[in-house]
Amino acid sequence: MALLEAQHITKRFGGLVAVDGVDFKIEQGAIASIIGPNGAGKTTFFNIMTGIYKPDEGQFIFDGHALSGKRPDQITEIGICRTFQNIRLFHNMTVIENLLVGMHTRLRSTAFGAVLRSGSFKKQEAAATEKARDLLGFVGLKGVGDELAKNLPYGAQRRIEIARALAAEPKLILLDEPTAGMNPSESEAAMSLFRRLRDELGITVLLIEHDMRVVMGISEYITVLHYGQKIAEGDPGAVRKNPQVIEAYLGRQAQEELMNAVRPGTPAPAVGGAA
């Protein structure tokens with residue numbers, strides 16, 4: 001049984017059909033990617049899944065729960081967390097404070113207890129802070145918890161976003177352009193982290209990604225969107241050879257680059273972006 005199933009998801013903005021009748025499944029424990037050129041509907045699809053937009057048609061089923069009508073915080077609480085294409089940290093808060101924000105759906109202290117600084121509140125706060133420091137260690141940022149988020153380099157801020165998502169204890173993590181702006185060595189390190197999310201924490205991983213080397217190197221299953229419609233899906237080998245993907249997504253002249261995207265030393269085409 002799929003962990004997440006999208007059933008005929010459709011979203012319109014006036015006369016523009018951003019997502020057009022998309023069906024999609026991801027199995028528990030998978031690492032999968034959604035790819036497509038700018039305007040393909042990828043980020044809109046994520047936004048519908050996480051409650052930012054409401055679909056005009058269709059529904060998502062996650063772990064037996066229908067997501068229709070649920071707020072973003074309610075969707076987070078049942079186990080879906082995400083990062084964003086444009087980093088959305090609280091830049092004037094410390095790294096630890098950013099992670100504590102991510103834990104809010106899992107903490108049970110009341111506002112009354114927080115104001116009075118009750119014993120139970122202090123105990124929970126200490127445990128949450130310790131967990132946040134452990135998560136920073138997991139993503140390779142041990143020792144930076146007391147730094148302001150804005151003072152850390154770009155790649156570290158990407159990892160803080162992932163750690164903040166992990167703080168909510170997700171079953172499924174959505175990563176929107178997680179290697180954007182990274183050099184090849186940083187992208188390799190990010191891929192290793194994504195595998196550890198699944199292998200060590202048991203989290204299912206779904207990426208939107210433009211870097212074909214990352215997509216082909218880490219994905220077990222790929223879905224391709226074009227003008228809001230699903231035009232192909234399958235394992236990396238099948239998608240890499242799909243004529244419709246080659247023509248609609250990159251153009252025929254990019255076939256060789258796409259075919260070689262997983263070969264060491266071959267520059268991978270950087271495509272896609274906001275959707």
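Reply: A word on terms before counting: helices (H or I, at least four residues) and strands (E, at least two) are DSSP runs, numbered from the N terminus. Please keep in mind that this is a predicted model.

Me: Which residues touch the most other members in the largest nonpolar core?

Reply: That core has 39 residues, and the ones touching the most other members are Leu99, Val139, Ile162, Leu166, Ile173, Phe194 and Leu197. Elements that give two or more residues to this core are α3, α5, α6, β7, α7, β8 and α8, and the largest share, 7 residues, comes from α6.

Me: What does Leu197 touch, then?

Reply: Leaving out residues up to four places away in sequence, Leu197 touches Phe138, Ile162, Leu166, Ile173, Gly202, Ile203 and Val205.

Me: Switching topic: how much space lies in the largest pocket, and what lines it?

Reply: About 450 Å³ of space lies in the largest pocket, which is lined by 20 residues, and Thr76, Arg82, Phe84, His104 and Arg164 lie nearest its centre. By class, the lining of this pocket has 10 nonpolar, 5 polar and 5 charged residues.

Me: Which element gives the most to that lining?

Reply: That is α2, with 4 residues, while α2 (72–78), β6 (80–82), α3 (95–102) and α6 (154–167) each supply at least two.

Me: What about cavities, how many of 30 Å³ or more are there?

Reply: The count comes to 1 cavity of 30 Å³ or more, and about 30 Å³ of space lies in the largest cavity. Arg158, Arg159, Ile162, Pro178, Met182, Ala190 and Phe194 line the largest cavity, and they divide into 5 nonpolar, no polar and 2 charged.

Me: Where does the largest share of that lining come from?

Reply: It comes from α6, with 3 residues, and α6 and α7 each supply at least two residues of the lining. Ile162 and Phe194, which line this cavity, also belong to the largest nonpolar core.

Terms used
Residues are numbered from 1 along each chain as its sequence is written. This is a predicted model: local features need pLDDT of at least 70, side-chain atom pairs count only at pLDDT 80 or more; totals for chains, interfaces and linings use all residues. Side-chain values use heavy atoms; hydrogens and water are left out. On a 1 Å grid over the protein atoms alone, a cavity is a set of points where a 1.4 Å probe fits but cannot get out, and a pocket is an open set with protein on both sides within 12 Å along at least five of seven lines; lining residues have an atom within 4 Å of a point. Grid points are joined across faces, edges and corners, and a volume is the space filled by probe spheres set on the points. Ala, Val, Leu, Ile, Met, Phe, Trp, Tyr, Cys and Pro count as nonpolar, Asp, Glu, Lys and Arg as charged, and the others, Gly among them, as polar. A nonpolar core is a set of buried Ala, Val, Leu, Ile, Met, Phe, Trp, Tyr and Cys residues joined through side-chain atoms within 4.5 Å. Buried means under 20% relative accessible area, exposed over 50%, partly exposed in between (1.4 Å probe, protein chains only). Contact means heavy atoms within 4.5 Å.
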